[in-house]
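Please have a look at the model first.

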Amino acid sequence: MFIYQQDRPLEDLGNGVTRRILAHGGGMMAVEVNFEQGAVGPLHHHPHEQLTYVLSGRFAFTIAGVTQEVGAGDTLYKAPDVVHGCVCLEAGTLLDTFTPQREDFLAKK
């Protein structure tokens with residue numbers, strides 16, 4: 001399967017955050033998330049395993065109560081149900097991979 005960015009809608013989540021679901025297939029999902037400087041990804045948790053790869057920008061990420069600054073090229077792992085969130089320090093883009101796919105993201109479409 002080939003997925004082209006121009007065919008994937010960009011969703012405005014508000015408060016300086018946008019999301020584009022890139023690809024999904026039951027077992028996994030890839031999502032691009034764009035943040036303006038100062039935008040917040042509120043603390044939350046979900047039953048999915050999640051990898052976040054920082055494509056650009058700088059972020060202060062909190063995972064399980066520990067906060068660290070990350071930038072382009074860094075990767076974060078979030079185990080199922082672990083509380084996590086971020087503050088964007090410098091405008092940037094994240095690539096999130098979830099397993100299994102986020103049905104809640106698909107239901108909002």
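What follows covers aromatic pairs, charges over rings and a surface patch.

This is a predicted model, in which local features need pLDDT of at least 70, side-chain atom pairs count only at pLDDT 80 or more, and totals for chains, interfaces and linings use all residues. Residues are numbered from 1 along each chain as its sequence is written, and side-chain values use heavy atoms, with hydrogens and water left out.

Let's start with the rings. The structure contains three aromatic pairs (ring centres within 6.5 Å; planes under 30 degrees apart are stacked, over 60 edge-to-face, the rest tilted).

Phe59 and Phe61 are both buried (under 20% relative accessible area; exposed is over 50%, partly exposed in between, with a 1.4 Å probe and protein chains only). Ring pairs also join Phe35 to Phe59 and Phe61 in a cluster.

Phe98 and Phe105 are buried too, and each has an arginine over its ring (CZ of Arg, or NZ of Lys, within 6 Å of the ring centre and within 35 degrees of the ring normal). For Phe105 this is Arg19, at 3.8 Å from the ring centre; for Phe98 it is the charged end of Arg102, 5.1 Å from the centre.

Finally, which strand holds Leu89? Leu89 belongs to strand E8, residues 84-99 (strands are DSSP runs of at least two residues, numbered from the N terminus). Leu89 is partly exposed, at 34% relative accessible area.

Note on methods:
Rings of Phe, Tyr and Trp (its six-membered ring) pair if their centres lie within 6.5 Å; planes under 30 degrees apart count as stacked, over 60 as edge-to-face and the rest as tilted. Helices (H or I, at least four residues) and strands (E, at least two) are DSSP runs, numbered from the N terminus.
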